[in-house]
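Please keep the sequence and structure at hand while reading.

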Amino acid sequence: KSQGETHEFQAEVNKLMNIIINSLYSKKEIFLRELISNSADALDKIRFLALTNPALLGEGEQANLDIKIQVDKENHFLHITDKGIGMTKADLIKNLGTIAQSGTKEFIQKLTESADSKGSSNLIGQFGVGFYSLFLVADYVVVTSKNNEDDQYVWTSTSDSSFSIMKDPKGNTLGRGTRISLHIKDDSLEFLEQSTIEELVKKYSQFINFPIYLYSSKEVDAPEEEQVETPIEEQEDDEVKVGEEEEEEDEQEDEQEEEKPKEKKKITEWTWEKLNNNKPLWMRSPKEVEKEEYTEFYQALNKRTDSPLAYSHFVAEGDTEFRAMLFIPKDPPQNMFDPEAVLNGVKLFVRRVFITDNIRELLPAWLRFLQGVIDSDDLPLNVSREILQQHKLIGTIRKRVIKKFIQMVQEISNREDKAEYHDFFKKYGTALKFGIIEETGENKNRLIKLLQFASSKDDHTTFEDYVSRMKEGQDQIYYLGGKDKEQLAQSPLAEQALKQGYEVLYLVDPVDEYLFSQINKYGELQLTNLAREGVKFNKETNAEEADSEKAVTEEYKPLTDFLQKQLGKRVQKVVISKLLSDSPCILLSNTWGVTANMERIMKAQSN
Ligand code: ADP
Ligand code: MG
């Protein structure tokens with residue numbers, strides 16, 4: 001038997017395989033999730049291409065997109081077959097022999113640097129290890145694949161540093177798609193059990209949107225006409241519900257049949273048993289879906305292990321109809337604000353067909369941590385992604401999704417346990433602020449109401465709280481930006497306001513001061529930065545104060561002149577101010593300039 005061509009794995013692949021085998025040993029069952037998700041991806045791809053060219057699907061059974069699992073106990077093989085897009089010879093070499101994604105490379109780099117194997121197994125779990133996880137349970141793998149553009153090829157590897165590839169001498173038996181045949185290691189024989197496979201598919205792959213079948217045996221009563229006294233040779237009764245498999249595999253299954261004498265004659269029936277309910281969860285009525293199902297769906301969607309902080313499942317009606325299921329994760333991704341990072345939290349479907357998880361127009365950048373699915377009946381199916389993302393309905397969906405997100409946040413803020421919102425705001429507050437800067441109209445106003453700040457009165461002050469505590473006659477909201485609350489509470493800039501009994505918002509998030517200058521007003525109330533010149537505290541006494549200020553300014557002119565001379569270009573001007581009560585002097589910014597706090601932040605960013 002010819003071995004075909006031999007190729008070396010790319011060095012990173014070897015590294016990844018080693019990491020997987022050494023750190024994921026206790027979670028080896030995840031290989032099945034990985035292989036099924038690859039099959040589902042491949043099916044998504046052919047279905048997407050077929051939107052514009054239905055002929056690509058092929059005819060008859062070939063067009064019934066599904067995943068089939070078959071166990072060969074005698075020879076210790078587990079076969080997973082899909083009718084997905086398949087791989088050409090070049091695809092096999094590239095996709096299974098190299099790691100193309102730079103993100104994966106970086107990830108491996110990080111993993112090899114971290115000595116802590118427990119931490120790394122967590123990382124891998126979240127990341128999704130992919131194809132090579134099969135070596136957790138298999139010592140040998142045969143990948144047979146047929147793409148419309150090429151002949152059928154066979155790729156084999158034993159997880160050492162090389163793989164081999166050859167044209168399939170049996171011809172193009174698959175029609176189109178991929179079969180992964182795992183030779184199961186002796187320590188992993190449980191994966192040849194029907195019950196194990198059923199369990200794992202339930203656990204990990206229940207939300208795959210294609211049917212997953214397992215070739216299963218069941219003891220059933222023989223048909224009436226066979227319940228006769230004289231035992232005759234048992235009849236083969238393979239009822240194949242969906243599709244037909246190649247003959248050679250059926251033969252292997254046949255040998256496992258039992259022939260025990262029984263009172264009532266039994267036969268072993270082999271059928272393709274469907275393991276999943278592939279009606280998408282979001283198509284069900286929100287009233288019927290249990291909380292647990294949402295959590296499981298969320299975890300399956302992007303291979304997460306946490307549970308969502310909040311979710312929303314709704315059917316939008318009106319100018320555009322779509323269904324959506326949205327989740328706010330407990331923790332945002334670390335690279336939430338990295339514009340280069342690809343986050344892909346929300347997947348777009350059109351009439352149940354997966355289209356893309358990478359339409360920038362669908363969600364604003366500040367919402368990139370959001371997870372979920374959106375399924376529209378109104379978007380055109382048979383257009384390219386490029387045309388789709390220009391579609392005006394995408395903009396409509398985007399608006400509705402933002403509104404829904406805000407409702408989810410409002411729901412969190414109304415929860416009895418206030419700590420939940422405090423925690424949410426600590427993690428996502430900056431994202432909301434970017435939302436305020438970017439959005440307009442009602443959404444902007446709704447977001448503003450959700451903001452929380454530390455203040456001289458409370459660590460979690462909303463604008464509404466502030467207003468409810470305002471002094472008689474107060475017509476502005478006072479704030480001051482800086483590094484932390486303690487420093488701000490001590491600042492001479494806050495001195496006078498505090499002394500007069502005004503509440504001061506302490507803005508410690510770097511984006512805050514810019515945000516406030518953008519918002520400018522909350523309702524009728526001016527937002528006043530105490531770090532700028534010209535702060536007035538009381539309307540009524542303004543005229544009187546101006547007079548006395550003039551007098552004091554005159555009196556101290558020699559001092560201010562002297563200081564101005566001494567400080568020279570380092571200050572713009574030296575003035576007498578009533579801003580202070582105890583401290584002798586402070587540095588102020590002029591009305592339009594950069595405050596000291598902003599300067600500190602800009603310096604930190606440019607480093
Ligand atoms: P990922 O799925 O994250 O891309 P994997 O390691 O799981 O990484 O798979 C590597 C690549 O191999 C896939 O991107 C895909 O191109 C190819 N591949 C794996 N399994 C299949 C399959 N069943 N059908 C077609 N292509 C596949
Ligand atoms: Mg994969």
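## Packing of α11 against α16

The crossing of α11 and α16 is left-handed, a term used where the near helix is turned anticlockwise from the far one by less than a right angle, clockwise being right-handed. On the α11 side the contact is made by Lys 433, Ile 436 and Ile 437, and on the α16 side by Leu 515, Gln 518 and Ile 519, two residues being in contact if their C-beta atoms, placed from the backbone, lie within 7 Å. By class, this contact has four nonpolar residues, one polar and one charged; Ala, Val, Leu, Ile, Met, Phe, Trp, Tyr, Cys and Pro count as nonpolar, Asp, Glu, Lys and Arg as charged, and the others, Gly among them, as polar.

Helix α11 covers residues 418-438 and helix α16 residues 512-519, and the two pack at an angle of about 30° with their axes 10 Å apart. Axes here are lines fitted to C-alpha atoms, for helices over the stretch in contact, and angles run from 0 to 180 degrees between N-to-C directions. The two helices are therefore roughly parallel to each other, since angles under 35 degrees count as roughly parallel, over 145 as roughly antiparallel, 65 to 115 as roughly perpendicular and the rest as oblique.

## Basis of the model and overall make-up

This is a predicted model, in which local features need pLDDT of at least 70 and side-chain atom pairs count only at pLDDT 80 or more, while totals for chains, interfaces and linings use all residues. Residues are numbered from 1 along each chain as its sequence is written, and chains are lettered from A and ligands numbered from 1 in the order in which they are written.

The protein chain holds 19 helices and 19 strands, where helices (H or I, at least four residues) and strands (E, at least two) are DSSP runs numbered from the N terminus. Of its 607 residues, 31% are buried; a residue is buried if 20 or more other C-beta atoms lie within 10 Å of its own, exposed if 12 or fewer, and partly exposed in between, with C-beta atoms placed from the backbone. Among contacts between residues at least 6 apart in sequence, 74% join residues at least 24 apart.

## Helix α12 and its two partners

Helices α11 and α12 pack at an angle of about 150°, their axes lying 8 Å apart, and that makes α11 roughly antiparallel to α12. Their crossing is left-handed, and in it Leu 432, Gly 435 and Ile 436 of α11 meet Lys 444, Leu 447 and Ile 448 of α12. The residues of this contact divide into four nonpolar, one polar and one charged.

The axes of α10 and α12 come within 10 Å and cross at roughly 20°, which makes α10 roughly parallel to α12. Here Ile 402, Lys 403 and Ile 406 of α10 make the contact with Asn 443, Arg 446 and Leu 447 of α12, and these residues divide into three nonpolar, one polar and two charged. The crossing of α10 and α12 is left-handed.

## Two glutamates

Glu 442 lies in helix α12, residues 441-449, and counts as exposed because it has 11 C-beta neighbours inside 10 Å. Glu 442 and Lys 403 are 39 residues apart in sequence, yet their C-alpha atoms are 9.1 Å apart in space.

Glu 411 is found in helix α10, residues 392-413, and counts as partly exposed, because 14 C-beta neighbours lie inside 10 Å. Its C-alpha atom is separated by 9.3 Å from that of Tyr 421, ten residues apart along the chain.

## Surroundings of ligand 1

Ligand 1 is surrounded by 14 residues, of which the closest are Asn 38, Ala 42, Asn 95, Gly 130 and Phe 131; a residue is near a molecule if its C-beta atom, placed from the backbone, lies within 6 Å of it. Helices α2 (30-52) and α3 (89-97) each supply at least two residues of this shell, and α2 gives the largest share, five residues. By class, the shell divides into five nonpolar, six polar and three charged residues.

## Positive phi in two loops

Most residues other than glycine have a negative phi. His 76, in the loop between β2 (67-72) and β3 (77-82), has a positive phi near 60°. His 76 is partly exposed, with 19 other C-beta atoms within 10 Å.

Arg 352 also has a positive phi, near 75°, and is found in the loop between β12 (346-350) and β13 (353-356). With 15 C-beta neighbours inside 10 Å, Arg 352 counts as partly exposed.
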